[in-house]
Amino acid sequence: YRAQAGGAAETTACINASSSAGAVQAVLEALPSVGTGSVTVRRSGNATAETAFGFAWDITFASAEAQGNHEPLEVLVGGDGTCAAFAPASAGATVKAATL
């Protein structure tokens, strides 16, 4: 999947569905509006039945440069030819994004 910020203005590189917090953080920091040290990412879940076979990433914009209102991150899942398919339709995989 990929994350998109600020409408279509900025889109991350492809992100693996099982990426570590550090990997997701690095991809977000590569966006011009975010930058190095401006975001922290925490991953929870263990890909077992206990956590619905998945992961969740908590993303916090934490620097002076990143403070203020941000456009919500939008999760883009496959279909555009730039990233591998997220999961077969029969796998029941879902992606949820929430802005707090």
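# Rings, core and contacts

Mentor: The count of aromatic pairs comes to one, in what is a predicted model.

Trainee: Are the planes of Phe55 and Trp57 stacked, edge-to-face or tilted?
Mentor: A pair of aromatic rings is described by the distance of the centres and the angle of the planes. For Phe55 and Trp57 the ring centres lie 6.1 Å apart. Planes under 30 degrees apart count as stacked and over 60 as edge-to-face. Here the angle is 45°, so the pair is tilted.

Trainee: Which pattern does the protein follow along the sequence?
Mentor: The secondary structure comes to one helix and five strands. Read along the sequence, these elements give β-β-α-β-β-β.

Trainee: Among the elements, which has the highest mean pLDDT?
Mentor: The average over the protein is 74, and 64% of the residues score at least 70. Where pLDDT is low, the predicted coordinates should not be read in detail. Strand β1 (residues 2-5) has the lowest mean of the elements, 72. The highest, 91, belongs to α1.

Trainee: How many salt bridges are there, by this rule?
Mentor: The rule asks for a side-chain nitrogen of Lys or Arg within 4 Å of a carboxyl oxygen of Asp or Glu. Arg42 and Asp58 meet it, with their closest N and O atoms 2.5 Å apart. The count is one.

Trainee: How many residues apart in sequence are the parts that Arg42 and Asp58 tie together?
Mentor: Arg42 lies in strand β3 (residues 39-44), whereas Asp58 lies in strand β4 (residues 56-61). The pair therefore ties together parts whose separation in sequence is 16 residues.

Trainee: What is the relative accessible area of Ala21?
Mentor: Ala21 lies in helix α1 and is one of the residues of the largest nonpolar core. Buried means under 20%. Ala21 is buried because its relative accessible area is 17%.

Trainee: How far apart are the C-alpha atoms of Ala21 and Ser44?
Mentor: Leaving out residues up to four places away in sequence, Ala21 touches Val41, Arg42, Arg43 and Trp57. Ser44 is 23 residues from Ala21 along the chain. The separation of their C-alpha atoms is 8.8 Å.

Trainee: Which residues does Ser19 contact, leaving aside neighbours within four places in sequence?
Mentor: Ser19 sits in the loop between β2 (10-11) and α1. It is buried, at a relative accessible area of 11%. With those neighbours set aside, the contacts of Ser19 are Val24, Arg43 and Trp57.

Trainee: What is the relative accessibility of Thr12?
Mentor: Thr12 is also found in the loop between β2 and α1. Beyond four places in sequence, its contacts are Arg2, Ala3, Val27, Leu28 and Leu31. Thr12 counts as buried because its relative accessibility is 4%.

Trainee: Which residues does Val27 touch, not counting those up to four places away in sequence?
Mentor: Val27 is one of the residues of the largest nonpolar core. With that exclusion, Val27 touches Thr12, Ala13 and Ile15.

Trainee: How far apart in space are Gly45 and Trp57, C-alpha to C-alpha?
Mentor: Gly45 lies in the loop between β3 and β4 and is partly exposed, with a relative accessible area of 33%. Outside four places in sequence, Gly45 touches Thr51, Gly54 and Phe55. Trp57 is twelve residues from Gly45 in sequence, and the C-alpha distance is 8.9 Å.

Conventions:
Residues numbered from 1 in each chain as written. Predicted model: local features only at pLDDT ≥ 70, side-chain atom pairs only at ≥ 80, totals over all residues. Heavy atoms only, no water. Helix = DSSP H or I, 4+ residues; strand = E, 2+ residues; numbered from the N terminus. Phe/Tyr/Trp six-rings, centres within 6.5 Å; stacked < 30°, edge-to-face > 60°. Core = buried A, V, L, I, M, F, W, Y, C linked by side-chain atoms within 4.5 Å. Buried < 20%, exposed > 50% of the residue type's maximum accessible area, 1.4 Å probe, protein only. Contact = heavy atoms within 4.5 Å. pLDDT = per-residue confidence, 0-100.
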